Amino acid sequence: MPDEAPQKPDHWSQIIPDVERLLMPGITHVPSPMFNAYYPAGYSYPSIVGEILSAGIGCVVLNRETSPACTELEVIVLDWLAKMFGLPRHFLASDDGPGGGIIQQSASEGVLVALLAAKMRTVKRVKMENPDWDEDIIKTKLVAYSSVESNLCVEKAGKLGSMTLRLLPADQDGRLRGAELARAILRDKHRGLIPCYVVATLGTTGTCAFDCLQEIGQVCQPQRIWLHVDAAYAGAAFVCPEYRHLMEGVELADSFTMNPHKWLLANFDCSTLWVKDRKYILDAFSIERPYMKSVESDRENYAPDFRNWEIGLGRRFRSLKLWLTLRLYGVAALQDRVRHHVSLAQRFANHVRLDPRFEIYKRPQLGLVCFKLKVDETLIFRTGRYSTNNLT
Ligand code: PLP
């Protein structure tokens, strides 16, 4: 690559070969059918067309009135998705309650946004119960909980949201149990701290384990602790009714995230967040200015200014790619795809079981099979390395 940008325009005929020659060798081509590591990347032609349309239309949505169709399509598509997954009705915008959904860039943002909303809710409640307490002091006492198996974005959210985060031990199946959480909460209460926020993972990054949501919810709800569900990968499986038992207890959650960009054929970036009550996000995020004022208030009617639901101000027309994907595939094809992937994973797991060189690590879940080499570990410790000769 030259050190400086060209003074005069290059020609496409020079640029495209450079893409192949200089860039592609440095790219892990995740959408390739030959790529089988990590999570799938659900690229699809409808979604790519959605991205092209979005870039071509080029709207920058600052508030609802700027381009009402952008906001309204997002509201509709998020309701479609929530119904497809069988999520509780309180997450739907079309329900009478104060819930609703939004597309965010990443599940990491969803975890942080929910943490900040939880913080606002708890500070307000504690302040109401103890009017003479200082709000800044209350904030220093708040604690969040998740499991050691949760994604790093949970720890990051604690850091960014200035909240103490406890990563609790998981059981031998990689799940966070309610009793473990209850013990940690009790310990903190004895220390004078204020439990505020819990992240339960459905489909952990390492082994696709499912935290015991029902148990966790039963600990959180009576103590008014915000429960966020991170189903970044596994959420897509709930399009199939036979996997919904894996989210038993979801009605106890205050917020829920999944990533259509992982397993639902939407291009990166596309992460969906639903909340049971948008009031707390609005309390945490809303800043009003005369030049941004919307005619309708999101507090009285459901008329979201999504800038008040997320970190950024201007936003892209992300719902287009999801809308095209859902329309051009239809729910049945998306269900078939999930079922096909799960059956491929089971087939692969059977191959691994029959191969004496490998063993399955943890229980295969959905489309994820973790396996490892059967290696004589004493040899590795003795020599600091191993060769293929050491394989059984
Ligand atoms: N949560 C889980 C369970 C994940 O597996 C991942 C990524 O793999 C994330 C969150 C982070 O997702 P994002 O890249 O959208 O922030």
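Asp269 sits in the loop between H9 and strand E7 (271-275), where helices (H or I, at least four residues) and strands (E, at least two) are DSSP runs numbered from the N terminus. A cis peptide bond links Phe268 to Asp269, with omega at about 10°. Another backbone detail turns up at Cys208: its phi is near 60°, a positive value in a residue other than glycine. Cys208 is in the loop between strand E4 (194-201) and helix H8 (213-220).

Before going on, a word on what you're looking at. This is a predicted model, so local features need pLDDT of at least 70 and side-chain atom pairs count only at pLDDT 80 or more, while totals for chains, interfaces and linings use all residues. Residues are numbered from 1 along each chain as its sequence is written, and side-chain values use heavy atoms, with hydrogens and water left out. The chain averages a pLDDT (the predictor's confidence in each residue, from 0 to 100) of 91, and 94% of the residues score at least 70. Over residues 388-392, though, the pLDDT is below 50. Beyond near neighbours in sequence, that stretch has seven contacts in the model, a contact being heavy atoms within 4.5 Å.

Which atoms make polar contacts with the ligand (pairs of N or O atoms within 3.5 Å)? A polar backbone atom of Ala107 is 2.8 Å from a ligand oxygen. From the side chains, a polar atom of Thr205 lies 2.9 Å from an oxygen atom of the ligand, and one of Lys262 lies 3.3 Å from a ligand oxygen. Taken alone the ligand exposes 400 Å², and the protein buries 85% of that, with areas from the Shrake-Rupley method and a 1.4 Å probe.

Lys262 lies in helix H9. For Lys262, an unreviewed UniProt entry lists "modified residue: N6-(pyridoxal phosphate)lysine"; such annotations may be inferred rather than shown by experiment.

Notes:
Polar contact = N/O pair within 3.5 Å; in protein donor to acceptor, adjacent residues only side chain to side chain.
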